[in-house]
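Here's a quick tour of the model, taken one region at a time. Have a look at it first.

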Amino acid sequence: MELQDVARRFPGRTVGAPPFTAVRNLSFDVRRSEFVSIVGPSGCGKSTLLNLVAGLDRPSEGRVALNGVEVSGPNSSVGFMLQKDLLLPWRTVLHNVEFGLEARKMSGSERRQRAMRELERCRLTEFADRYPYQISGGQRQRAALARTLAIDPDVVLLDEPFSALDAQTKLVLQKSFAGTIASSGLTTLLITHDLSEAVAMSDRILVMSDRPGRIVEEIEVGLPDRDNPIARVATPRAGEIVKHLFHSLHIDTREDA
Ligand SMILES: Nc1ncnc2c1ncn2[C@@H]1O[C@H](COP(=O)(O)OP(=O)(O)OP(=O)(O)O)[C@@H](O)[C@H]1O
C-alpha cells in the first residue's frame, strides 16, 4: 500500500467558505503482510484516510496505490471492517458471511464452502445458523471479520473494530483477530484510539497530527508475538511505547477531547 503526498479537501461548510482540508501531505507505505496502526487526535482524518485506501473516496491531490496499481474505486482486494458490525439482522451468521460473495460469479456450493472455511478460521462454526441477535458482541465482530476475509482480500482496513466492546471481550478478540490475521498473512491497517491496542497488535505505528492530518511520527514496535497481543502488552517495551505515544499526542495536556 502506498500513499504519496495525498490531500483530501471537502467543500467549505457555508456558501463562499474556503475548502476544508481534512488531510494533506500524507505519505507512507505498508509492506505486504505488515500490520500498521494509525493513531491521532479526534478529527485528524483517520477515517478519511481509510476511505481513500478503500476506494470509497478519491484524493484531491496525490496518489493511493495497492500492489502498484492506483486505487480508482472500491475493489475486491480490500476488505473493510468498522466499529459497528453491520451484520444483516434477518440473515444467519453463515448467510451474512456469504453475503459479500453473492456479487461474485461463484456457485452456491463454492460460496458455502468458502463461508464455512472463514467461520472455522474465526472459530464460529457452531454459531453458523444463529442470527446476529442470538450471539454476543464479540462473536458478532468475529462474524464481521469472517465476512471481510471471505472475499479473500490482500489488504484489510479496520476502523476501530474493538472500541464498542467491554475491556475483557476486547482483549480476547484482539488475540483472536491477531492470530487470524497473522496466519493469513494479510496486510492490515488499523485505526484505533487505544494506544495499548496499537502497540499490542502492530509491527509499526503511524502517528497523525491534528487536522489537517499528516504523519508526524513512525514507531517500529519491534516486539515478538504479533499473534499474541496479551503477551505483548505485559512487556516493559510495550509500556514504554504507550508512554511515548501519550506524550506525542499530548494526551496529558489536551483539554479539548
Ligand atoms: N464528506 C465530508 N464532508 C465534509 N467534511 C468531512 C467529510 N468527511 C470528513 N469530514 C471532516 O474531515 C475531518 C476528518 O474527519 P475523519 O472522520 O476522517 O476524522 P477521524 O480522525 O477519523 O475522527 P475520529 O477520530 O473522531 O473518528 C473532520 O473534521 C470531518 O468533519
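**Ground rules**

Two residues are in contact here if their C-beta atoms, placed from the backbone, lie within 7 Å. Axes are lines fitted to C-alpha atoms, for helices over the stretch in contact, with angles from 0 to 180 degrees between N-to-C directions. Helices (H or I, at least four residues) and strands (E, at least two) are DSSP runs, numbered from the N terminus.

This is a predicted model, so to speak of a local feature takes pLDDT of at least 70, side-chain atom pairs count only at pLDDT 80 or more, and totals for chains, interfaces and linings use all residues. Residues are numbered from 1 along each chain as its sequence is written.

**The antiparallel sheet**

Four strands make an open antiparallel sheet, ordered β2-β1-β4-β5; strands count as paired if DSSP finds at least two bridges between them. β2 and β5 (69–70) sit at the edges with a single partner strand each, so one side of each has no neighbour in the sheet. β4 (residues 61–66) and β5 share two bridges, and Leu66 has Val69 as its bridge partner in β5.

As for α1, the helix lies across β1 (2–10), β2 and β4, at about 60° to β2.

**Around β7**

All five residues of β7 (residues 155–159) are buried, meaning 20 or more other C-beta atoms lie within 10 Å of their own, with C-beta atoms placed from the backbone. Val155, Leu157 and Asp159 point one way, Val156 and Leu158 the other.

Technical notes. Buried ≥ 20, exposed ≤ 12 C-beta atoms within 10 Å, placed from the backbone.
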